[in-house]
Amino acid sequence: MEEALQQKRLDGQIIHVEVPEAVLPPPHAGPEAICLATDLVHSSRGEEAQSLLRKMTPIAQRVLGDKHELTLKMRAVYAQTFYIDDSATLDDPREAVENFEDMALIARRVFGGTHPTTLGLERGLEEARAVLRAREGTA
């Protein structure tokens with residue numbers, strides 16, 4: 001079995017710690033998590049999608065970084081769970097709008113305005129804003 005090497009700082013000195021690969025998430029875990037979470041959202045099981053993405057997104061952020069396309073897609077599905085549920089509070093679509101604004105800005109800077117990920121995040125932002133306006137109108 002191959003061992004992964006991680007660096008740790010201890011009293012200002014770098015030490016190497018071997019971590020068995022079994023501890024690291026498999027490379028295909030991110031796309032699979034996004035597909036599963038998306039299916040859960042569209043099956044009216046948003047809470048389960050949130051639970052899954054609350055576990056997977058920090059891993060993606062740590063391993064891939066906040067600006068990675070996969071991390072942004074995970075965050076987008078997570079944000080979608082906040083406005084797709086009819087029983088969501090008024091604060092939920094607001095949180096979704098804030099998250100989509102942040103992600104769209106990152107995607108525009110990293111990928112450019114015509115990249116499919118940027119366009120998808122901007123569509124998500126428009127949807128979240130429309131839901132927020134509709135809910136504010138009925139509140």
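Student: Why is Arg45 called partly exposed?

Tutor: In this predicted model, Arg45 has a relative accessible area of 40%. Buried means under 20% and exposed over 50%, so Arg45, at 40%, counts as partly exposed.

Student: What makes the contact of Glu48 and Arg45 a salt bridge?

Tutor: The N to O distance between the side chains of Glu48 and Arg45 is 2.8 Å. The cut-off is within 4 Å, so the pair qualifies. Glu48 is partly exposed too, with a relative accessible area of 41%.

Student: Why are the rings of Tyr78 and Phe82 called edge-to-face?

Tutor: A search of the whole structure finds 2 aromatic pairs. In the pair Tyr78 and Phe82, the ring centres are 5.1 Å apart and the planes are at 85 degrees.

Student: What separates Tyr78 and Phe82 along helix H3?

Tutor: Tyr78 and Phe82 are 4 residues apart in helix H3, which means about one helical turn.

Student: How do you know that the span of helix H5 agrees with its number of residues?

Tutor: Helix H5 (residues 116-138) has 23 residues, and at 1.5 Å a residue it should span 33 Å. The expected span uses one less than the number of residues. The end C-alpha atoms of H5 are 33 Å apart, so the two agree.

Student: What makes Glu101 and Arg129 a link between distant parts of the chain?

Tutor: Their side chains meet in a salt bridge of 3.1 Å, N to O. Glu101 is in helix H4 and Arg129 in helix H5, 28 residues apart.

Key: Residues are numbered from 1 along each chain as its sequence is written. This is a predicted model: local features need pLDDT of at least 70, side-chain atom pairs count only at pLDDT 80 or more; totals for chains, interfaces and linings use all residues. Side-chain values use heavy atoms; hydrogens and water are left out. Rings of Phe, Tyr and Trp (its six-membered ring) pair if their centres lie within 6.5 Å; planes under 30 degrees apart count as stacked, over 60 as edge-to-face and the rest as tilted. Helices (H or I, at least four residues) and strands (E, at least two) are DSSP runs, numbered from the N terminus. Buried means under 20% relative accessible area, exposed over 50%, partly exposed in between (1.4 Å probe, protein chains only).
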